[in-house]
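Subject: Structure handover

Hello,

Here is the structure I said I would pass on. My notes on it follow below.

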Amino acid sequence: MAPTEQGTPVVDIHTHMYPPEYISILSLRDTIPLVRTFPSSPEPRLILLEAELPALERALQDPSAPLPGRPLTNHFTSLAHKLAFMFHHNISISVLSLANPWLDFLSPTEAGPIASQINTLFEAMCATTNNTTTHLAQQPPTSRKLFFFGTLPLTAPPSTILSAITHLTTLPHCRGIILGTSGLGSGLDDASLLPIFSALASAHLPIFLHPHYGLPPSVFGPHSEQGAYGHVLPLALGFPMETTIAIARMYLAGVFNAVPELRLILAHAGGTLPFLAGRIESCVLHDLKLGGGGGDTEMGRRRRTVWEVLREQVYLDAVVYSEVGVRAAVEAAGGADRLMFGTDHPFFPPVEGDMEGEWESVRLNVTAIETALGKGNQEAQMVLGGNAVRVLRLVEE
Ligand code: 5CU
Ligand code: ZN
């Protein structure tokens with residue numbers, strides 16, 4: 001890809017890492033998320049999702065069974081590999097985030113100190129990189145910039161979570177937080193989260209909302225549970241539906257009215273939100289209890305439409321892998337100025353071939369943006385990088 005032709009940097013806002021310190025925690029665990037070694041695999045395996053449990057059990061009993069989860073390549077843990085990946089894909093700036101399931105599984109007493117440790121590690125990776133010229137084997141020296149989305153200790157008491165937000169405001173390269181959909185344990189429509197959302201809004205830290213839990217594996221049927229369909233259904237359908245449900249619940253609970261300065265960036269172009277926003281809006285309108293059409297409940301009187309919320313408080317990433325998906329996301333978001341390129345690195349690596357070359361998953365997303373908006377056009381450039389620089393203030397302060 002050559003989107004920097006016109007001078008706009010390419011920015012990857014959806015790109016994960018697991019620092020080695022986090023992997024050490026997973027390696028000591030015997031329930032998911034965990035890291036396991038298997039005699040038949042050169043690399044340890046990273047087992048994250050509930051849908052991967054049947055395969056884990058089969059592999060523990062039968063050494064010839066297919067391996068569960070995904071290989072823990074050094075792309076997950078190594079800053080050098082992240083920078084090399086950026087170089088190979090012409091990405092000038094990355095906004096790193098810890099990958100799922102973040103700190104959701106830690107005890108209330110562990111979560112605060114580990115959040116502080118992880119956020120400090122991310123800050124150090126950004127600071128070191130931004131002060132250095134990167135030298136890659138057989139490549140000209142280059143300059144790559146990093147920022148990050150922090151992680152909150154959601155299982156800790158509220159005061160610890162609020163302290164973690166304060167800590168993030170002292171880290172110069174933090175530009176928001178990555179958040180799963182479980183919140184404090186009962187979802188993002190939980191009123192107990194409002195002080196946390198308010199603190200994030202006051203600190204100008206947007207939420208990058210990202211799925212992990214998907215849908216109950218049983219909805220995908222026995223063939224899927226027996227491994228016949230690989231990871232396809234949980235990742236292709238479970239993840240996007242989870243995000244869609246989370247944002248719809250926030251909307252129905254009035255979170256966007258309660259915290260009007262709150263800003264969200266939705267992973268995977270909002271899941272299915274661009275397609276379902278109209279249906280959600282229609283169902284609200286037709287639901288007496290919610291006072292659709294300005295009825296006599298608080299929600300009905302003050303309700304902004306789903307479309308208004310989408311266009312005022314929500315941004316979408318462009319990790320959608322198709323031209324039609326990009327078009328829908330731009331339409332739903334109200335313009336190309338609310339969509340931001342991402343890769344989901346190091347997930348979705350090349351199935352066969354060169355991990356250090358071009359990744360097909362990245363090419364699909366770049367091509368989708370360029371085909372939908374016109375290669376080299378201003379709108380494509382905004383999505384590939386300009387919007388992220390503006391929205392996330394991606395300049396050194
Ligand atoms: O492949 C996967 O499981 C994942 C995942 O867990 N998280 C993510 O962001 N993308 C893909
Ligand atoms: Zn991701």
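Strand β7 (residues 174–179) runs parallel to β6, and three bridges join the two. Across this pairing, Phe148 stands opposite Cys174 in β7. Please keep in mind throughout that this is a predicted model.

The other partner of interest for β6 is strand β5 (residues 93–98), which is joined to β6 by five bridges and also runs parallel to it. Ser94 has Leu146 in β6 as its bridge partner. Strand β6 itself covers residues 145–151, and six of its seven residues are buried, so the rest of the structure largely encloses it.

These strands belong to an open sheet of eight, with parallel pairing and the order β1-β5-β6-β7-β8-β9-β10-β11. The edges are taken by β1 and β11 (339–340); each has a single partner strand, so one side of each has no neighbour in the sheet. Further along the order, three bridges pair β8 with strand β9 (residues 264–266) in the parallel sense. In that pair, Ile207 has Leu264 of β9 as its bridge partner. Helix α12 packs on this sheet, where it touches β9 and β10 (314–317), and its direction makes about 75° with that of β10.

One residue of β7 is worth a separate note. Ile177 lies in that strand and is buried, its relative accessible area being 0%. Leaving aside neighbours within four places in sequence, its contacts are Phe149, Gly150, Leu152, Leu168, Leu200, Pro206, Ile207 and Phe208. Ile177 and Ser202 are 25 residues apart along the chain, and 13 Å separates their C-alpha atoms.

Next, the metal site. Which residues hold the zinc ion (ligand 2) as protein donors? They are His14, His16 and His210, each through NE2, and Asp344 through OD, at 2.1 to 2.2 Å from the ion. Their spacing in sequence is H-x1-H-x193-H-x133-D.

Two bridges pair strand β3 (residues 45–47) with β4 in the antiparallel sense, and Arg70 in β4 is the bridge partner of Leu46.

Helix α4 (residues 108–130) has 23 residues; from its first C-alpha to its last it reaches 34 Å, close to the 33 Å expected at 1.5 Å a residue. Its buried residues include Ala111, Ile114, Ile118, Phe122, Met125 and Cys126, with Asn119 and Glu123 also among them.

Helix α14 (residues 360–373) has 14 residues, which should span 20 Å at 1.5 Å a residue; the end C-alpha atoms are 20 Å apart, in agreement. Among the buried residues of α14 are Val362, Val366, Ile369 and Leu373, and also Asn365 and Glu370. What do the buried residues of α14 pack against? Their partners are α3 (79–88), α13 (323–333) and α15 (378–391). Just after α14 comes Gly374, with a positive phi of about 100°.

Last, an arginine in a loop. Arg303 is found between α11 (298–302) and α12 (306–313). Is Arg303 buried or exposed? Its relative accessibility is 15%, and buried means under 20%, so Arg303 counts as buried. Not counting residues up to four places away in sequence, Arg303 touches Tyr251 and Glu281, along with Asn257, Val284 and Leu285.

Regards

Notes:
Residues are numbered from 1 along each chain as its sequence is written. Chains are lettered from A and ligands numbered from 1 in the order in which they are written. This is a predicted model: local features need pLDDT of at least 70, side-chain atom pairs count only at pLDDT 80 or more; totals for chains, interfaces and linings use all residues. Side-chain values use heavy atoms; hydrogens and water are left out. Donors are N, O and S atoms within 2.8 Å of the metal (3.2 Å for Na, K and Ca); water is not among the atoms, so sites may look incomplete. Helices (H or I, at least four residues) and strands (E, at least two) are DSSP runs, numbered from the N terminus. The expected span of a helix is 1.5 Å times one less than its number of residues. Buried means under 20% relative accessible area, exposed over 50%, partly exposed in between (1.4 Å probe, protein chains only). Two strands pair if DSSP finds at least two bridges between them. Contact means heavy atoms within 4.5 Å. Axes are lines fitted to C-alpha atoms, for helices over the stretch in contact, and angles run from 0 to 180 degrees between N-to-C directions.
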